[in-house]
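I opened this notebook to keep track of what I looked up, one entry per topic. The entries follow the order in which I went through the model.

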Amino acid sequence: MHYSLIVYTFSLLNFIIHLIFFMKTKINVFLTGTLLTILIIVINFSCNNNENSGSGGIAIVDSAALKIERGKYLAMNVSGCMDCHSKRDFTKFSGPVIEGTEGMGGEMFDQKFQVPGFVYARNLTPDTLYGIGKWTDDEIARTITRGIKKNGDSLFPIMPYAHYNQMSKEDVYSIIAFLRTLKPNNNQVPDRKLFVPMSVVYPPLKSNSLDNNVKPDVTDMVAYGGYMANIAACMDCHTEMVKGSFKMDELFAGGFAFDLDIFKVNSANITPDSAAGIGKWTEEMFLDKFKHFRDPASYSTNPGKANSIMPWVLYAQMDDFDIKAIYRYLRTLPAVNKVVVKYP
């Protein structure tokens with residue numbers, strides 16, 4: 001029962017008890033008895049109705065909708081699922097996702113992305129032949145968080161499952177719930193071709209079980225921001241790689257080079273260094289950088305060689321609080337005095 005209904009019910013019950021004790025006539029006693037019977041029926045119906053809602057009623061529908069909405073938010077605006085697993089239009093700034101290609105996969109990643117070979121973003125739509133339509137939720141969860149596909153193959157870690165490995169179980173299964181809502185697409189993605197065995201590049205994983213993963217409470221803004229930065233895999237793009245390995249002493253210090261033929265760009269230093277990073281940025285400046293790209297006019301034109309691989313259009317839709325939390329987390333990182341030339 002809803003709290004308000006409980007209050008009203010006990011108020012009415014109290015009124016009826018007073019009637020019973022203070023009214024003397026048989027008619028009044030009969031009326032109050034009738035009212036009490038009706039009240040008991042209403043309470044019983046309300047309780048049963050509330051219990052039934054847990055197995056297909058309104059509460060379940062609301063819960064499922066909220067789960068899908070959370071999954072959509074993470075997949076579209078935080079964890080970058082739709083960034084890599086859709087087609088992007090780089091004739092516009094930051095390559096917004098082309099409508100209708102969400103989740104279809106097919107994007108190739110090669111040596112320009114520090115991949116020793118060729119790997120392709122998989123089809124994440126519910127297509128039963130080329131997508132994940134026949135996969136169980138647990139099989140998808142294992143792929144997202146451990147990089148192990150339904151058939152047992154391991155994914156190349158350009159898919160940041162080492163980060164997703166620390167995502168809360170609730171968030172992982174919310175993403176899965178959203179993926180189930182995508183329009184099936186029969187795009188057949190080519191098989192990968194690696195020049196090294198997967199055992200050489202499979203990363204260490206911090207979590208052995210999703211059940212042990214905890215999303216920090218929002219009241220601890222720094223810890224929560226660290227959680228969001230991790231599942232957004234900020235480190236992977238904002239840390240330079242040398243021969244396939246991250247420079248661990250320069251985490252988040254930028255310098256990862258992206259060469260897309262049509263433009264070349266280096267990722268920015270987002271450590272709190274005051275000269276080379278974001279040390280002089282206020283929280284509002286950081287937030288405004290994202291909010292700027294909520295206006296379609298900011299990415300509707302072709303910037304030519306002054307383009308960005310950063311999916312600003314998607315990240316711009318992140319919640320203001322989450323963006324601020326990430327900023328506060330970044331402020332706790334070691335400052336790295338590394339000057340990055342944005343366009344080499």
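Entry 1: I began with Glu107, which is partly exposed at a relative accessible area of 26%. The scale I use calls a residue buried under 20% relative accessible area, exposed over 50%, and partly exposed in between, with a 1.4 Å probe and protein chains only. The model is predicted: local features need pLDDT of at least 70, side-chain atom pairs count only at pLDDT 80 or more, and totals for chains, interfaces and linings use all residues. Residues are numbered from 1 along each chain as its sequence is written, and side-chain values use heavy atoms, with hydrogens and water left out.

I then looked up the partner of Glu107 and found a salt bridge with Lys87, where the closest N and O atoms are 3.4 Å apart. For a salt bridge, I require a side-chain nitrogen of Lys or Arg within 4 Å of a carboxyl oxygen of Asp or Glu. Glu107 and Lys87 are both in the loop between α4 (81-84) and β1, 20 residues apart. Element names follow DSSP runs, numbered from the N terminus: helices are H or I with at least four residues, strands are E with at least two. Lys87 is partly exposed, with a relative accessible area of 26%.

**Entry 2: other salt bridges.** How many salt bridges does the structure hold? I noted 14. One of them joins Lys112 and Asp261, with the closest N and O atoms 2.7 Å apart. Lys112 sits in the loop between β1 and β2, and Asp261 in the loop between β6 (257-259) and β7 (264-266), so this pair ties together parts that are 149 residues apart in sequence. Is Asp261 buried or exposed? Asp261 is exposed, with a relative accessible area of 57%, while Lys112 counts as partly exposed at 30%.

I also recorded a salt bridge between the side chains of Glu284 and Lys324 (3.7 Å, N to O). This pair links distant parts of the chain, with Glu284 in helix α11 and Lys324 in helix α13, 40 residues apart. Glu284 counts as partly exposed at 39% relative accessibility, and Lys324 counts as partly exposed at 23%. Elsewhere, salt bridges that share partners join Glu240, Lys247, Glu250 and Lys338 into one network.

**Entry 3: helix α11.** I returned to helix α11 (residues 283-291) for its buried residues, which include Glu283, Phe286, Leu287 and Phe290. They lie on the same side of α11 because they cover an arc of only 95° around the axis. That arc is taken over the directions from the helix axis to the C-beta atoms. What do the buried residues of α11 pack against? I found α12 (312-315) and α13 (320-330).

**Entry 4: a sheet.** I looked up an open sheet of 3 strands, in the order β1-β2-β3 with antiparallel pairing. Two strands pair if DSSP finds at least two bridges between them. The edge strands are β1 (108-109) and β3 (193-194), each pairing on one side only. β1 and β2 are antiparallel over 2 bridges, and Met108 has Tyr120 in β2 as its bridge partner. Strand β2 (residues 117-120) also pairs with β3 in the antiparallel sense, over 2 bridges. There, I noted Lys193 in β3 as the bridge partner of Phe118.

**Entry 5: a surface patch.** Phe195, Val196 and Val200 make a nonpolar surface patch of about 290 Å². Patch members have over 30% relative accessible area and no salt bridge; like charges are joined within 9 Å, and nonpolar side chains (Val, Leu, Ile, Met, Phe, Trp, Tyr) within 5 Å. The areas come from the Shrake-Rupley method with a 1.4 Å probe. I placed Val196 in the loop between β3 and α8 (198-201).

**Entry 6: Asn185.** Where is Asn185? I found Asn185 in the loop between α7 (169-179) and β3. At 18% relative accessibility, Asn185 counts as buried. Leaving aside neighbours within four places in sequence, Asn185 is in contact (heavy atoms within 4.5 Å) with Gly100, Met104, Asn123, Thr125 and Asp127. I also noted that Asn185 and Thr128 are 57 residues apart in sequence and 9.2 Å apart in space, C-alpha to C-alpha.
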